Amino acid sequence: MNYNFFDKLEIVGGNKLFGTFKNQTSKNAVLPIMSASIMSSGVVKINQVPDIVDVTNMKKILRKLGVKIKKQKNDLILDPREIKNFKVDENLSKTMRSSIFLLGALLSKFKVANITLPGGCTIGARPIDLHIEALKKLNVLVTEHEKGFSFDATHARAGKVKLKIPSVGATENVVQFAITLSGKTTIYNPAREPEVVDLCNFLNAMGAKIVGAGTKKITIYGVDSLNGAQYKPIKDRIVAGTIMVATAITKGSVTIIDGCAKENKSLIKILSSMGCQIDIKNDIINVSREGELKNTNIVTGYFPKFPTDLQSIMLPLLCLAEVESKVKEKVFENRFLMVKELNRMGANITLFDAQTALVRGSTALRGRTVKATDLRGGAGLVVAGLVAKGKTIVSDVHYIDRGYDHIENMLFSLGADIRRVCQKQK
């Protein structure tokens, strides 16, 4: 994606969303698949890759490592056969959290890796302690230095890894690393997110032997090498969820193709309890609302619990519900950064601590100039702008561009009054 750091979104609230939306490919599936492709002994083709900033940055990181990348319409063709570098570019690493996914792949390929502490959104510390602890259990030597960590897997061996919490990143790194370890490696309490399952399916398509993805135990049987493959990643459950909430807040009616109904069960259950009408057939979801919104309580958690990525998207909807709703954030400590901006739009949200919010309902939102603080918080402000009275201007759109393939085009196609305003630095 070619974007301007100073772009803004202008939204005039009041339009109902109607029509059909075709979901994009999952950001959180594509990025680890791109990183895992470096382990292949052949060419990898990834189908229907979204045009988002995180993909652009991951391509830059991979090219620095020596991967040849070509774009063929919406597909990416990656050739890692001449890769020689095992050090992730420091400046590029700071642009995205997902650069950490390269750790397991690099260790598997080179037995050594140098990683700078990754960047990304400011929603919490998200330390890599779990990654380090897990790799140490497989006899990886870890050395901390001023800017990051060095890893040496020369004497690594297959074994058992039990994660304290089901971390997506730690699970994906251990899976990738263990693929070329001789013997059997077992991960207990792994992340069960659909994107983890998708990564394992991709690796198996390249010749890996992984069983149990999506359950409470993943087993990896070591293989000598991985082959090239062509793969189509899963669709984006968070983008689908964003469109569902946007439809509900505007009292619209939208049909979502590839809506990730199974993966979005927790969201669908809550929206239904709030008074939305949801019909599902063959993963085509129709969402509509006519009546008033009932209040609800949300507690985020690891899959299959309510996803933390949709918590920020739901906050504007809760502002319109009757009485009051409570939100408990149990994954990240700074997920409520956008509350200050939402309150400036007329919301009445009280934070009791960094992870507990009380949302008083029946609130009329009004258009203001607000600032995106992170990817999902920024999307939440856009959703609020759809129903706010007057004009809402959302700045720092580059955060939103990290995960949404031109969010303004998505919503405009459904009838929203929204446009991107490109501005140059003064």
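**Exercise 1. Find the stretch where pLDDT stays under 50, and say how to treat it.**

Solution. Let's start with confidence, since this is a predicted model.
- Step 1: pLDDT stays under 50 over residues 119-126.
- Step 2: For residues 119-126 the model has 26 contacts beyond four places in sequence.
- Step 3: Where pLDDT is low, the predicted coordinates should not be read in detail.
- Step 4: For the protein chain, the mean pLDDT is 92, with 94% of residues reaching 70 or more.

**Exercise 2. Work out what lines the second largest pocket, and how the lining divides by class.**

- Step 1: The volume of the second largest pocket is about 490 Å³. Its lining is made of 24 residues, and V49, P50, D51, N74 and D405 are the closest to the pocket's centre.
- Step 2: Now look at the elements. At least two lining residues come from each of β2 (18-22), α2 (53-65), β5 (75-79) and α14 (407-412). With three residues, α2 supplies the largest share.
- Step 3: Sort the lining by class, and you get eight nonpolar, nine polar and seven charged residues.

**Exercise 3. Decide whether S395 is buried or exposed, and list which residues S395 touches.**

- Step 1: The relative accessible area of S395 is 14%. Buried means under 20%, so S395 counts as buried.
- Step 2: Leaving out residues up to four places away in sequence, S395 touches D7, K8, V370, K371 and A372.

Notes. Residues are numbered from 1 along each chain as its sequence is written. This is a predicted model: local features need pLDDT of at least 70, side-chain atom pairs count only at pLDDT 80 or more; totals for chains, interfaces and linings use all residues. Side-chain values use heavy atoms; hydrogens and water are left out. On a 1 Å grid over the protein atoms alone, a cavity is a set of points where a 1.4 Å probe fits but cannot get out, and a pocket is an open set with protein on both sides within 12 Å along at least five of seven lines; lining residues have an atom within 4 Å of a point. Grid points are joined across faces, edges and corners, and a volume is the space filled by probe spheres set on the points. Helices (H or I, at least four residues) and strands (E, at least two) are DSSP runs, numbered from the N terminus. Ala, Val, Leu, Ile, Met, Phe, Trp, Tyr, Cys and Pro count as nonpolar, Asp, Glu, Lys and Arg as charged, and the others, Gly among them, as polar. pLDDT is the predictor's confidence in each residue, from 0 to 100. Contact means heavy atoms within 4.5 Å. Buried means under 20% relative accessible area, exposed over 50%, partly exposed in between (1.4 Å probe, protein chains only).
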